[in-house]
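The sequence and structure come first.

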Amino acid sequence: ESTVRFEKLLHSAVRYLFLFLIPGAVLLALLAEPIITILFGSDFIASAQVLQWMCLALVLIALRIVLGSSLGAMDQQGKYVTAHAVAVVVFVVVACLSIPRWSYLGCTWALIASEAVVLASVYGRLSRRITLKLSMTEVFSPLLAAGGMCFLYHFLEDFAWWVKVVPVVIVGFTVLIVSGGLKGEDIVFIKNSLLSKHSGKADATA
């Protein structure tokens, strides 16, 4: 019974990560250039590529943290450490091969490669002990939302970035809802979570 409950909790955590993190990471990648320009000036616009690649790393890192914590909860910390040790080797090898030619982008690719190794290893370990599978809708709905956001952002290329943000976000949420990724109970859950946090802060202030 505890294993079934654990699987349900982990499934929900991974599902919500896919649901919001993938479209969120894509939105951040689309806004990479204006973000870099606002924070550091137009002289650093080339580094927007790093931020865009780091959005992919963000998704991998978030999934790795959730799955890695689950592996630790199953008293498999040694396997988690081993996966990180292998990832360090991968990082060093990829960095040595790519940094001399592609500079800071090579370092970013090395990070992505190492995180992918850890994630694949952790998922492999977990899948031998528990069942962790997302449905086709749960996987493809966030991807469709991300694709729709990319399409609209580039379709509105003649407009300023701050004009495009709102319609792009609206399209993302609309695709999530229409494709069945974001359900009514999810909206209720998010609303209740936000309300509980707000009431908790109010009680603490009182």
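## Salt bridges

A salt bridge here is a side-chain nitrogen of Lys or Arg within 4 Å of a carboxyl oxygen of Asp or Glu. Side chains of opposite charge can pair when their charged atoms come close. The model is a predicted one, in which local features need pLDDT of at least 70 and side-chain atom pairs count only at pLDDT 80 or more, while totals for chains, interfaces and linings use all residues. Residues are numbered from 1 along each chain as its sequence is written, and side-chain values use heavy atoms, with hydrogens and water left out.

The count of salt bridges is three. In one of them, Asp186 pairs with Arg15, with 2.4 Å between the closest N and O atoms. Helices (H or I, at least four residues) and strands (E, at least two) are DSSP runs, numbered from the N terminus. Asp186 and Arg15 are both buried, where buried means under 20% relative accessible area, exposed over 50%, and partly exposed in between (1.4 Å probe, protein chains only).

## The network and the separate pair

Arg15 also forms a salt bridge with Glu138, and here the closest N and O atoms are 3.6 Å apart. This pair links distant parts of the chain, with Glu138 in helix H6 (residues 136-155) and Arg15 in helix H1 (residues 2-30), at a separation of 123 residues. Glu138 is buried, as is Arg15.

Arg64 forms a salt bridge with Glu115, with the closest N and O atoms at 2.9 Å. Arg64 is in helix H3 (residues 48-73) and Glu115 in helix H5 (residues 104-127); the two residues are 51 residues apart and link distant parts of the chain. Arg64 and Glu115 are buried. Through shared partners, salt bridges join Arg15, Glu138 and Asp186 into one network.

## Overall fold

The chain contains eight helices and zero strands. The C-alpha trace spans about 55 × 45 × 45 Å along its principal axes. Of the 206 residues in the chain, 32% are buried.

A contact means heavy atoms within 4.5 Å. Among the contacts with a separation of 6 or more, 73% are between residues 24 or more positions apart.

## Largest pocket

On a 1 Å grid over the protein atoms alone, a pocket is an open set of points where a 1.4 Å probe fits, with protein on both sides within 12 Å along at least five of seven lines; lining residues have an atom within 4 Å of a point. Grid points are joined across faces, edges and corners, and a volume is the space filled by probe spheres set on the points. The largest pocket has a volume of about 160 Å³.

Its lining consists of Val14, Phe18, Leu63, Leu67, Leu119, Tyr123, Leu132, Lys133, Leu134 and Val139. H1, H3 and H5 are the elements that give two or more residues to this lining. By class, the lining has nine nonpolar, no polar and one charged residues. In this scheme Ala, Val, Leu, Ile, Met, Phe, Trp, Tyr, Cys and Pro count as nonpolar, Asp, Glu, Lys and Arg as charged, and the others, Gly among them, as polar.

## A buried serine

Ser141 is in helix H6. Ser141 counts as buried because its relative accessibility is 1%. Leaving aside residues up to four places away in sequence, Ser141 touches Met136, Val175, Leu176, Ser179 and Gly181.

## Cysteines

The whole structure has zero disulfides, a disulfide being a pair of cysteine sulfur atoms within 2.5 Å. The closest cysteine sulfur to that of Cys96 is in Cys107, 11 Å away and therefore too far for a bond. Cys96 is exposed, with a relative accessible area of 53%, whereas Cys107 is partly exposed at 33% relative accessibility.

## Positive phi angles

Most residues other than glycine have a negative phi. Asp75 has a positive phi, near 60°. Asp75 is in the loop between H3 and helix H4 (77-102), and is exposed at 59% relative accessibility.

Ser103, not a glycine either, has a positive phi of about 55°. Ser103 lies in the loop between H4 and H5, and its relative accessibility of 38% makes it partly exposed.
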